[in-house]
Amino acid sequence: MADTRPHGSTAVATAGGTATAPALLQIEDLTSSYGAVRALDGVSLTADAGRITAVLGANGAGKTTLLRTVSGLVRASSGRVTLDGEDITTASVESMVGRGMAHVPEGRGVIAELTVHENLRVGALFRGKVEKSEYDRIYDLFPRIAERRDQPAHVLSGGERQMLVIGRALLAQPRILLLDEPSLGLAPRIVAQIFGLLRRLVDTEGLSVLLVEQNARSALSVADVGVVLNLGRVVVTDSARTLMADEDLRHAYLGF
Amino acid sequence: MQYFVNVTLTGLTEGMVYSAFALALVLIWRSTRIVNFAQGSMAAATTFIALALIQAGQSYWVALIVALLSGLLLGAIVERVVIRRVEGGPELNAVIVTLGLFVAIQAAIAIVFGSAFQSFPTPFGLEGFQVGDNRIALTPNSVWVIAAVLVTMALLVVLFRFTRIGLAMRASAFGQEVARLLGVRVGRMLTLGWALAAVVGSLAGLLIAGGEFVYPAYMDSLIVFGFVAAVLGGLDSPIGAIVGGLILGLALSYVSGYVERGSALVNVAALVILMVVLLVRPGGLFASSTARRA
């Protein structure tokens, strides 16, 4: 998997601000709070097109809040978020998917009362009518959910649920996919399978991913760039390869 | 035997109306986790609008359509103006607000239309069909009642199962945050849900009013019956609401038909049924598996 990774160093140059092309998703000095608790304290990072950017850190580091603030579920108290140069800091949650950003939230967000296929259809609702071939493509990517197409989604296992929500997000045809802890509670084999698929979509279809993970080892094995958060601040941003090699950093913040 | 058939037919007809009313409650419960105690008053309001039109010389059908459309509007306004403020808040807030609406709308009806008993017409006859030598308790009007409810339910099934807007409404009801993240205008869907529920509730009110006297509080007992039917069915299940309504209609009809002075016991019987169901199957007859959320 590591062999298929594009050169991390170029991405890091972008993150450092010397990019020639603008980043796809740019987060600048973002601050947001839950009541009195400041969950994000001036976070800046970029997610480049055609890259997997992993945001890592312990529980409570602000990873989930970061995604929720970017997609508008939590209002930023200051800072700026731009998607392809367009300021989306105060844009409505409902408008995000139309702008090309699909957020798969923490806990996956399978709608248990709907069937598997209906869950997929929700992903394409805002686009109007969608060709059957698009659904077939998702079922080809995830044959395991194809078998359960007409069953209520609550019968799915954790891994199948994760496949369903990624498939659903892909039906929204996003330019960037925001994934919150996709590996949570899944067997390592399933995690490898899902991450392998993400890598393939990024490499062959130009998808971009902002991946939030507590499972830093798996995330760094698939990502191009890693951003380490601690207590709502960015500790370090570097290529996934460099982060993987930095033993002190791994021990201090990544838990492996 | 003939008596039994008649009591059963009466029960099924009334049960259909309870089903419709229960369905209105379930539609709102599913999407906003609120029991709309104002449903009856809202339905009474639209029935009085229909009555005013009929008294002004309009046909029953014109009045029916106007009443259903005003139900749609009333449901949307109530959600947008009042309920939106308590959605997602503590459950008790919503309960108090819908109870307050129940009282306020009923008072408004009395102010606008007066509180006298007025007879409400039926579009079809109230005399039973002739079968052989006997007249049975199935009247042209009860055929209309049953048909109207069945058609409405069929339309709802089509809407929810086969249309994009129906899917968007279900997604909004069951996965609000995910639906928003996927671009569904959840607020609009909730408004639409309340509006549709108010139409179904209004239909129940108009159907039960046919051939009876109406007054601002005439829907009060239907709220009890509709609520019992909805709980019988599990409160979350549209099918459950329909079956619950039919079971309740039959049960109450047997009580009033076979128990001495039974007609005086109907309200009590409804509450007894409610208690028994809650004791035996707290989740209702159609409660889904425990794996699903409460």
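Okay, let's start with two helices in chain B: H9, residues 220-232, and H11, residues 266-280, whose axes come within 10 Å and cross at roughly 20°. Angles under 35 degrees count as roughly parallel, so H9(B) is roughly parallel to H11(B). The crossing of H9(B) past H11(B) is left-handed. And just so we're clear, this is a predicted model.

So who's touching whom? On the H9(B) side you've got B:Ser221, B:Val224, B:Phe225, B:Val228, B:Val231 and B:Leu232. Facing them from H11(B) are B:Asn267, B:Ala270, B:Ile273, B:Leu274 and B:Val277. Sort that contact by class and you get nine nonpolar residues, two polar ones and no charged ones.

Okay, on to where chain B meets chain A. That contact uses 18 residues from chain B and 21 residues from chain A. Which elements of chain B give two or more residues to it? Those are helix H6, 164-174, and helix H7, 176-181. H6(B) gives the most on the chain B side, with six residues. By class, the side of chain B that touches chain A has ten nonpolar, two polar and six charged residues.

Last thing, confidence. The model scores ipTM 0.88 and pTM 0.86. Chain B averages a pLDDT of 90, and 97% of the residues score at least 70. Where does the pLDDT fall below 50? In chain B, that's over residues 289-294, and beyond near neighbours in sequence, that stretch has three contacts in the model.

That's it from me.

Conventions. Residues numbered from 1 in each chain as written. Chains lettered and ligands numbered in written order. Predicted model: local features only at pLDDT ≥ 70, side-chain atom pairs only at ≥ 80, totals over all residues. Axes fitted to C-alpha atoms, helices over the stretch in contact; angles between N-to-C directions. Helix = DSSP H or I, 4+ residues; strand = E, 2+ residues; numbered from the N terminus. Parallel < 35°, antiparallel > 145°, perpendicular 65-115°, else oblique. Left-handed = near helix turned anticlockwise from the far one by under 90°. Contact = placed C-beta atoms within 7 Å. Nonpolar A, V, L, I, M, F, W, Y, C, P; charged D, E, K, R; others polar. pLDDT = per-residue confidence, 0-100.
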